[in-house]
Amino acid sequence: MKKLVIAVSAIASAFALTAAEEYASVSFQTTGPDKYADGETVLDGECYALVWTADGVFEGLNVDGTCVDPADEVVVALPWAKDGAFPATQFNIATDTKYVASGELAIYLLDTRKFVDGEAKVSGVNAEGKLVFVNASSKVDEAVTVSVAGSAPSAKAAASGAVEGAVASALPADVPAPKVTGLDFVKVNGADYVKLTVADTVGFANYAVQGGDSVAADGEVGKDAKTGGAESITLLYPKTADANFFKVIRK
Amino acid sequence: MKKSFIIATVLATASAFAGQFESNPVGLLTLSSIPTTDNLKLVAMPFDGYAETSGSSVKVADVLLTDGLSENDKLYIPTGTKGQYNRYSLNSSGEWVPANVVTVSGATITAGSGTPPNDAAVPRGGAFWLETTATSVKLLGQPAATMEKTSKSVSVGYQLLAPTTSEINVKVSELAGAQKDLVILANGTRYQKTASGWKNVATRAAVTDADVIPAGIGFWYKAAAAGTLSL
């Protein structure tokens with residue numbers, strides 16, 4: 001159904017729909033490099049989503065890719081990321097839809113990474129084009145209201161810029177806090193690490209260790225990350241003189 | 001203006017959520033200046049075990065790192081009977097092996113009958129003796145849920161006590177105590193509560209903020225009257 005009302009194209013390519021009177025067009029791009037909340041550059045194939053909100057307030061996503069506020073809508077999400085940015089893309093939207101008639105449209109960078117032994121892979125969308133795992137979302141630039149002036153439905157707005165602060169996707173209320181059940185010191189390739197054994201993890205959240213010099217352990221977040229779900233997972237954190245206390249957080 | 005408000009609201013929500021998702025903290029406490037007498041160090045138990053509930057006894061083997069210790073180092077854990085300890089010996093595999101029950105009187109250690117339980121355990125806020133030539137001791141475990149002192153009852157006579165957190169040094173001046181109560185550190189330093197407050201027994205000087213019982217270090221407390229201390 002969405003394909004009937006939304007058409008997407010790279011701006012550089014030939015695109016017939018922009019000329020059609022029944023479509024309004026909106027273009028987006030980011031200059032890059034876009035960053036995840038942990039400071040890593042966005043991976044190729046990462047998803048961006050065109051999100052419509054009736055009231056201009058996006059309440060965020062659940063970890064399964066659905067909207068926290070059912071009134072919000074992920075119009076389309078695709079693995080657009082290339083070379084750490086959202087390439088110039090034009091959306092052509094049928095003017096007789098709510099997306100043009102009301103509300104706001106905005107682009108969000110999604111974090112769909114899952115981690116195995118610190119290696120990240122984007123989970124993207126499934127065969128039906130649905131998001132299956134969203135760790136966080138970050139708004140790209142300003143929301144844009146698509147307007148239709150008079151009888152000439154040809155409004156065009158462009159937005160470009162950087163990605164703002166990420167908002168962690170909402171987890172189900174019954175997800176437990178992770179529990180550290182063991183702490184050991186190990187050597188990996190000659191380097192000293194603290195190894196935490198962690199229980200009570202779930203398969204739809206990523207975990208990492210944060211260390212510090214006090215019980216608050218509010219210093220740097222370690223590079224090692226894993227998606228939970230197993231009976232226990234282990235996470236490594238560099239052993240330094242400045243980090244004597246550790247906790248597991250959601251990455 | 002409206003947009004600023006919206007963004008601030010969303011971020012605040014995310015931050016609150018992240019806080020709820022944190023695990024229990026765990027940590028490492030390195031004690032490098034424990035007062036020592038005849039290679040005996042009085043060590044505090046500032047941690048809970050990982051799998052234990054707060055306040056329950058902690059297996060010493062779970063929290064005391066044996067790196068840096070030597071085979072045949074000894075561990076003495078109070079049994080609850082005056083002057084009596086369960087003694088453990090460190091084997092070549094780094095395991096604490098039950099040795100025997102001993103009675104200590106002054107500098108004399110007498111082996112008694114009975115065998116200590118397999119798992120040497122001490123509650124958070126308790127203390128144990130470690131006989132070793134090592135210059136530092138490392139403890140790792142789960143700090144108390146809150147970094148606040150805990151009330152601890154004391155009864156008339158001697159008892160081994162320890163600060164209950166891994167971060168708070170206990171100022172001697174802040175101990176409630178009754179007149180004639182004594183604090184005895186393992187290096188022999190003594191403090192006594194007098195009508196005008198705590199004093200160093202040797203110098204008769206009133207204690208200052210520098211007179212502290214560091215986290216991770218145990219001490220003797222001789223109570224002249226039953227009471228409660230905040231440790």
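I count two residues as in contact if their C-beta atoms, placed from the backbone, lie within 7 Å. A note on ground rules: this is a predicted model, where local features need pLDDT of at least 70, side-chain atom pairs count only at pLDDT 80 or more, and totals for chains, interfaces and linings use all residues. Residues are numbered from 1 along each chain as its sequence is written, with chains lettered from A and ligands numbered from 1 in the order in which they are written.

Next I checked the make-up of chain B. I found two helices and 21 strands; these are DSSP runs numbered from the N terminus, helices being H or I with at least four residues and strands E with at least two. Of its 231 residues, 36% are buried. Buried here means 20 or more other C-beta atoms within 10 Å of the residue's own, with C-beta atoms placed from the backbone.

Then I traced a sheet. In chain B, seven strands form an open, antiparallel sheet in the order β2-β3-β11-β6-β7-β8-β9. Its edges are β2 (36–37) and β9, each pairing on one side only. Pairing takes at least two DSSP bridges between two strands.

I zoomed in on two pairs of chain B.
- β6 (residues 74–78) and β7 (residues 84–90) run antiparallel, joined by five bridges, and L75(B) stands opposite Y88(B).
- β8 (residues 96–105) and β9 (residues 108–111) pair antiparallel over four bridges, and S105(B) faces T108(B). They make a hairpin with two residues between them, and G106(B) in the turn has a positive phi of about 65°.

Which residues touch the most other members of the largest nonpolar core? I got Y48(A), L196(A) and F128(B), out of 117 residues. Such a core is a set of buried Ala, Val, Leu, Ile, Met, Phe, Trp, Tyr and Cys residues joined through C-beta atoms within 7 Å. Strand β6 (residues 104–111) of chain A gives the largest share, six residues. Beyond four places in sequence, Y48(A) contacts W80(A), A81(A), F86(A), I107(A), Y108(A), L109(A) and L110(A).

Last, I checked confidence. Chain A averages a pLDDT (the predictor's confidence in each residue, from 0 to 100) of 82, and 82% of the residues score at least 70. Residues 149–156 of chain A fall below 50. I keep in mind that where pLDDT is low, the predicted coordinates should not be read in detail.

Key
Buried ≥ 20, exposed ≤ 12 C-beta atoms within 10 Å, placed from the backbone.
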